[in-house]
Amino acid sequence: MRDTPLEDPETLVDRFTLPEGFKATLYAAEPDIRNPIAMCWDERGRMWVAENYTYSDQKERYDLKLRDRILIFDDTDGDGRFDERTVFADDLQRLTSIERGFGGVYALCPPHLLFIPCEEDRPTGPPVVLLDGFGADNGLRHTIANGLKWGPDGWLYGRTGITRTCHIGPPSTPKDERQPIGGGIWRYHPVHQRFEPYCHGTTNPWGSDWNANGDLFFINTVIGHLWHAIPGAHFKRMFGEDPYPHVYELIDQHADHYHWDTGKKWKQSRNAAGLSDDLGGGHAHVGMTIYQGEQFPENYRGKVFTANLHGRRINVDRLEPSGSGYVGKHEPDFISTSDPWFRAVEVSTGPDGSLYILDWSDIGECHEHDGVHRTSGRIYRISYGDPTPFRTDLGSLSNEKLIELQTNRNEWASRMARWELRQRVHQGGDQRLEAISALVGRILPNAPEKSPESTALRRLWLMSTLRNDTVEAAAMLPWLTQDTPALHSQLIRILIDNPSTNKPDHKPGVPPVVWNRITDPELVGAHPSTRLALASSLPKLQEDQRVELARLLLSFESDSSDHNLPHLIWSGICQLPLPRLVDLFEDCRLPPVRRFIARRIAAAVNETPAALNALLDIHVESGARERIDGLTQAFDGWKRAPRPDNWAAFVKQLPEAEQHAPSVIALSILFGDKRQLTTLRQTAMKTDAPVEARRGALSLLVELAAPDLQEICEACLDVEELAPIAIHGLSSSKDPSVAESLIRRYPDLPDRARSEVITLLLSRPASASLLLDHLGTTIPTADLTTIHARQIKHLNKPTLNEKLSARWGELRESPEQLIQSIASYRSKLTPEFLSKANPSQGRLLFQSNCAACHKLYGEGGSIGPDITGSGRHSIDYLLESIVDPNAVVASEHALMLLYLKDGRVLSGMQRRQTPQTITLSMTDREVTVSREEIRKQEKQKASMMPTGLLDPLNDQELRDLIAYLMSREQVELPR
């Protein structure tokens, strides 16, 4: 790709494949625009564009010797090409987004949200820092905060990715007073200066818009592209933990399809070939608009337009109501281009109803290592027929005209008129507010018999934006008697979330006259979208009202299978006191929420045992299965737990078969039932019992660290199906004869059991030394990988390191050695050298050397990053990543060492943690360890990936592996 020429942009408009009647126009191109990353509009219909020059390569991340700019473009004659260009600001850094309002420009420059006061297109003072804390450290690059947009409710919305959990707040706010967000959508109220997370999760949101009902949607990459941004929702994440405790399960995407071939796994889609091409072009989506203009044919109205990065096209989704929310349905792609430099980063509906596309214009993207390009950039306009130019300066219109525009079918004009009225109130104060309010009352009457729902929505948004309180929403309570569910949802959210009074630490409560109306059972039961609005508002309520509303919402059994409601209700009540949760359990008709309640209460048994007793006192017919499942999940990794006073009575009420279920037996043993332990022990050691029964019993005994575990496991070593579990169980034994016995057995063990033996031997210095003594004899040298060698280093024993060097070899880890090693491999890996490679053999080498931790083309582990989309087509990138994996280590991939009290040392990536346990992803398994067993834990600055992975390979193996890693599509395994 490095040699792909940048073509004349004038010729590229003809390279677009467009629906009949549409045409593409080059609005702007280099040198007038470079590296465009975001846009917004002003009241005159001018486009404001953010240029980002500081974005750099994988190592540098951001080049802070450079500066970013904000430009203003004006198409004065409406021909689709700009005529005037103004540089507004040229001294910013890490600029990702801009928005206008309140007499200035908001600029998102992580770690800061800035406000730049301006007049006549010029700054009138230095930028003011409104918020800080957005991730901007050296390890963060392409999941950085972005996406400023005004919502219909008057809040300023933004987005952020999951690579960092950010703690956002006004400058100088202590960390414990800041609200964390680890990916998702956030918002800021400019009048009340309030920041709050809006919804959480996904991967890297980079596009958002509101539909005609005022519901927000956003675009994401990899794990699903379309998400309904429900306030308070916690969505599925690509990796890492949700930063909020007790959020147990996460909501999946809202599209019923993917734009890539999921049968071949997501990163194969980068080539936009085959089925992935047919489905939409790939997994990465950037920029988004919901078309609500007047220019396009009516069948496009209300549909989602988003740029598919690798497919070099615009995808389209159709939003359909589904349950409490929506489902995104696949529509034919809108446009595409064969230009290899096309990298659309934003899509926006303009004042004339045309679609405007910002093209970063590059041959790479966030995962490709093709060098830094800062001289290209384009803006395209996609129009239908002969569009009517927009030549109206909204700033010159009367208040009456601006209010009338609220019902205009051109959503751009409606929104911009709303912001212009807000600006006038901001400048004119209460007197102007009262004058405009009187006009609104005359032009947009507040009476169900005089206005359609769409007009009422726009009146609500306008007046709530102008007043910044709930007065208007309260005045519209009569609408709750109408069949207007979209308006009900918006009213409920505004009435409960009063920006002038509600704060994270202060919830004054909803006034009774309002509360009685919005919690009327008839209203709540009429439509699931109303229940969604109420559920999303639960965290905003003071405790008594939250419990009252939750009880009502939990009574609708039909919502059990809803895509959103069980999870949303739970996230809204999970912080309630445990007695309140016990009280809600008995009336709850949603099985998932019953299970969450049981899990939450059980997890706190050490601090509040009475709550678990009260939960088990509820009659067994009320969610017994959910209680058992919840307790099982809560106690994962625990070795013992306090026995509830009424556990035996609860079990006795269960049906006979359920009393002997493995989960019930495991819980009984956890609570100290020795009788059940004896039964399991007998089953595991009974040679004529079915293997499946023995395996289940042995697994439970190992999980619970049963007494006499060594004896039990040694008795099972000769059964091939049981040997791996038995060896894992022996890892907790301090008896030195265990290691000696396993080494003697090693040559006769199956591969899976051998892997368990190596893991066991490496967990203690003494057994690791014994392993090295037998390396090359009983244990083949090839069985000890560089990953294993790194684990020996982590034991921190100089004599052991010396023995490793003598018996296995050196791990080259000093900076000088690594630089020399990279240079040596670079000189060897010439095109001629690689021309003799066999990528199929390289795939086998990947499986044996890399796949324990990394995915490539959907195959492999998930401990380390999926490397399918990395810059692996470049020799430089590959060598830097493989030879020196510690050069840049994202925090989520840093190594965690657990030093256990029994002398073992476990190393892996931390996946989850609770007050009682830590879960590590190791190279061969996921292990949950009780904190009672941990003597010390250390988070390393190093990657889990060791250095020296290429050193054991001969020349043919080296060329095969590198050729496979550089492949642009999956290759067949050798036959």
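Select N35. This residue lies in the loop between strand 2 and strand 3. Helices (H or I, at least four residues) and strands (E, at least two) are DSSP runs, numbered from the N terminus. Is N35 buried or exposed? N35 is buried, with a relative accessible area of 1%. Buried means under 20% relative accessible area, exposed means over 50%, and partly exposed is in between (1.4 Å probe, protein chains only). Now check the backbone: N35 is not a glycine, yet its phi is positive, about 45°.

A word on what you are viewing: this is a predicted model, in which local features need pLDDT of at least 70 and side-chain atom pairs count only at pLDDT 80 or more, while totals for chains, interfaces and linings use all residues. Residues are numbered from 1 along each chain as its sequence is written, and side-chain values use heavy atoms, with hydrogens and water left out.

The peptide bond from E30 to P31 is cis, with omega near 10°.

Next, select P110 and P111. A cis peptide bond joins them too, with omega about 15°. P111 sits in the loop between strand 8 (104-109) and strand 9 (112-119).

Move on to D121. You will find it in the loop between strand 9 and strand 10 (122-123).

Two strands pair if DSSP finds at least two bridges between them.

Zoom in on strand 19 (residues 216-219). It is joined to strand 20 by 3 bridges, and the two run antiparallel. Show side chains: F218 stands opposite W227 in strand 20.

**The loop at N211**

Select N211, in the loop between strand 18 and strand 19. At 9% relative accessibility, N211 counts as buried. Leaving aside neighbours within four places in sequence, N211 is in contact (heavy atoms within 4.5 Å) with F217, I290, Q292 and Y326. One of these gives a polar contact: the side chains of N211 and Y326 are joined at 3.2 Å. A polar contact is a pair of N or O atoms within 3.5 Å; within protein, one must be able to donate a hydrogen and the other to accept it, and residues adjacent in sequence count only if both atoms are side-chain atoms. Also, a polar atom of the N211 side chain lies 3.0 Å from the backbone nitrogen of N213.

**The cores**

Select I573, F635 and L698. They have the most contacts inside the largest nonpolar core, which has 150 residues. Such a core is a set of buried Ala, Val, Leu, Ile, Met, Phe, Trp, Tyr and Cys residues joined through side-chain atoms within 4.5 Å. Its largest share, 7 residues, comes from helix 7 (residues 485-496). Apart from this core lies another, of 77 residues, among them A50, Y55, I144 and L148.

**D673, between two helices**

Select D673, in the loop between helix 19 (662-670) and helix 20 (674-685). D673 is buried, with a relative accessible area of 15%. A polar atom of its side chain lies 3.2 Å from the backbone nitrogen of Q676. Not counting residues up to four places away in sequence, D673 touches R643 and S668.

**Helices together**

Select helix 26 (residues 765-773). Its buried residues are S767, A768, S769, L770, L771 and L772. What covers them includes helix 24 (736-745), helix 25 (751-761), helix 27 (786-793) and helix 28 (798-807).

For the last stop, select helix 31 (residues 839-849) and helix 33 (residues 955-965). Their axes come within 7 Å and cross at roughly 90°. That makes helix 31 roughly perpendicular to helix 33. Angles of 65 to 115 degrees count as roughly perpendicular. Axes are lines fitted to C-alpha atoms, for helices over the stretch in contact, and angles run from 0 to 180 degrees between N-to-C directions.

Key: Parallel < 35°, antiparallel > 145°, perpendicular 65-115°, else oblique.
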